[in-house]
There are 2 protein chains.
Amino acid sequence: MLITSINNERIKNLTKLHLKKYRDEEQKFLIEGDHLISEAIKHNALLELYLLDGETNIFNFDNTTFVTKEVLDKLSEQDSSTKMIGVCKYLDNEITSNRIILLDSLQDPGNVGTIIRSAAAFGFDVILGDNTVDIYNSKTIRSTEGMIFSVKFNKTNLISFINNHNEYAYFISDMNKGENIKNFNITGKVAIIMGNEGNGISEEIKSLDLNYLHIAQNSVCESLNVGVAASIMMHELGDINE
Amino acid sequence: MLITSINNERIKNLTKLHLKKYRDEEQKFLIEGDHLISEAIKHNALLELYLLDGETNIFNFDNTTFVTKEVLDKLSEQDSSTKMIGVCKYLDNEITSNRIILLDSLQDPGNVGTIIRSAAAFGFDVILGDNTVDIYNSKTIRSTEGMIFSVKFNKTNLISFINNHNEYAYFISDMNKGENIKNFNITGKVAIIMGNEGNGISEEIKSLDLNYLHIAQNSVCESLNVGVAASIMMHELGDINE
């Protein structure tokens with residue numbers, strides 16, 4: 001089947017998935033490019049595939065529709081033109097790891113994507129606070145480099161999560177408070193909490209009176225990028241068996 | 001003084017600094033926003049300041065020119081409108097640290113900026129290989145979060161640098177070769193080499209037969225973001241006294 005018009009009803013409906021409101025309604029999101037699509041297939045998350053007319057269906061995926069370049073450009077949220085776009089179902093995740101990371105009001109999609117990618121590397125599950133940028137945002141997905149399908153995550157209210165999961169020892173990542181992560185050792189279930197790029201940790205979380213951990217830095221440096229800080233914390237706290 | 005026309009000769013010449021070729025010729029680059037400008041003043045790197053007409057000259061900087069919004073938009077390389085743009089002279093740096101990081105053909109300005117920022121945090125000097133993205137690119141500068149003025153860096157041919165600086169012990173950052181960075185200890189002068197985002201380390205550097213170091217990761221993860229990997233390496237190898 002070939003769709004040639006951007007006014008096709010199915011295309012118009014798919015384009016709505018650019019907006020969070022419709023993604024949440026439909027419980028679906030879009031992905032672009034062969035790497036993400038092959039990851040989605042591997043994890044059984046792909047529902048539909050839209051391929052540029054003339055391209056080979058290398059994935060041999062059943063529910064494939066061919067479309068013109070104009071239609072693909074309409075579906076795409078990236079600058080450069082892509083050759084394939086997939087529709088995925090929302091991911092359903094149970095948090096099971098001994099190591100988790102909580103994201104408190106992070107706003108930059110690139111940072112959240114980077115954290116997802118590093119969480120995959122270091123065996124962390126991810127809890128996205130209500131006020132954190134949407135994980136199904138196209139920029140977030142791109143920054144995960146396909147790891148969105150490998151990492152277990154939940155979106156929830158962080159205060160409720162913490163209150164309901166007292167099996168974890170919680171630590172707030174800070175500029176200088178608490179122990180130096182390099183000298184810190186802990187076993188059992190551990191949670192690390194990262195704050196907003198500009199404002200740090202929210203007052204609500206602060207009021208819980210949790211412990212802190214920090215990364216030792218030169219005084220000249222005002223702060224690390226939050227994706228970097230989270231990754232350093234996860235590298236130190238993770239336990240990867242080689 | 002107030003400049004109102006984008007056809008003003010001075011403005012036309014400054015706009016050329018958007019291109020690397022002219023930056024190299026003039027040995028000057030542009031910065032935007034109050035944070036970068038205050039860092040530039042602090043480090044004595046600011047030559048001229050262009051301020052939106054009506055704004056207060058909070059920096060009390062002598063060589064200030066007021067311009068209209070239209071002129072500022074012409075000078076700006078960012079999407080959102082800025083209220084001030086500065087002209088800086090190229091930074092002249094001598095490499096003196098016991099800890100350095102070499103960037104082999106990195107292409108993403110955001111990654112290089114992040115590495116500069118982390119280098120400031122962990123006390124590393126930075127050697128940018130010939131084929132690495134320009135440090136004076138506006139996106140690179142923005143990602144450094146002002147740390148471009150705090151970090152010592154050089155742009156040079158990496159092979160020559162390595163051959164001429166045998167006082168350093170060189171290590172290539174790899175996915176799995178060499179020792180696990182977490183178990184690695186070294187004193188003296190150390191250099192870590194990061195490879196390109198997609199292709200890794202270049203054949204030229206590989207042929208030098210250097211040692212490797214790696215960050216232990218889950219097998220599910222294909223790789224870390226190079227800015228993250230570099231930062232983890234620097235965190236482990238740096239020696240920050242608290």
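Two strands count as paired if DSSP finds at least two bridges between them. Keep that rule in mind on this tour of a predicted model.

**Stop 1**

Select strands β3 (residues 46-52) and β5 (residues 84-89) of chain B. Five bridges join β3 to β5, and the two strands run antiparallel. Now pick Tyr50(B) and look across to β5(B). Which residue stands opposite Tyr50(B)? Ile85(B) does.

**Stop 2**

Show the side chains of Glu9(B) and Lys12(B). They meet in a salt bridge, 3.4 Å from N to O. Glu9(B) and Lys12(B) are separated by about one helical turn because they are three residues apart in helix α1 (residues 9-15) of chain B. Side chains of opposite charge can pair when their charged atoms come close. Over all chains, the structure holds twelve salt bridges.

**Stop 1: the seven-stranded sheet**

Stay in chain B and move to its other listed sheet. What is the strand order in this open sheet of seven strands? Trace it as β8-β7-β6-β11-β9-β12-β10 in chain B, with parallel pairing. The edge strands are β8 (153-156) and β10 (179-180) of chain B, and each pairs on one side only.

Zoom in on β6 (residues 99-103) and β7 (residues 125-129) of chain B. Four bridges pair these strands in the parallel sense. Select Ile100(B): Asp125(B) in β7(B) stands opposite.

Next, show helix α9 (residues 226-237) of chain B. Helix α9 lies across β6, β9 (169-174), β11 (190-194) and β12 (211-214) of chain B. Relative to β11(B), helix α9 runs at about 170 degrees.

**Stop 2: where chain A meets chain B**

Colour by chain. The contact takes 34 residues from chain A and 34 residues from chain B. Together the two chains bury about 2800 Å², 56% of it on carbon and sulfur atoms. How many salt bridges are there between chain A and chain B? The count is zero. Polar contacts do cross the interface of chain A and chain B: twelve residue pairs, both residues at pLDDT 80 or more.

Select α3 (34-42), α5 (109-122) and α9 (226-237) of chain A. Each supplies at least two residues of the side of chain A that touches chain B. The residues of that side divide into 13 nonpolar, 15 polar and six charged.

Technical notes:
Residues are numbered from 1 along each chain as its sequence is written. Chains are lettered from A and ligands numbered from 1 in the order in which they are written. This is a predicted model: local features need pLDDT of at least 70, side-chain atom pairs count only at pLDDT 80 or more; totals for chains, interfaces and linings use all residues. Side-chain values use heavy atoms; hydrogens and water are left out. Contact means heavy atoms within 4.5 Å. Axes are lines fitted to C-alpha atoms, for helices over the stretch in contact, and angles run from 0 to 180 degrees between N-to-C directions. Buried area is the accessible area (1.4 Å probe) that two parts lose on being put together, summed over both. A salt bridge is a side-chain nitrogen of Lys or Arg within 4 Å of a carboxyl oxygen of Asp or Glu. A polar contact is a pair of N or O atoms within 3.5 Å; within protein, one must be able to donate a hydrogen and the other to accept it, and residues adjacent in sequence count only if both atoms are side-chain atoms. Ala, Val, Leu, Ile, Met, Phe, Trp, Tyr, Cys and Pro count as nonpolar, Asp, Glu, Lys and Arg as charged, and the others, Gly among them, as polar.
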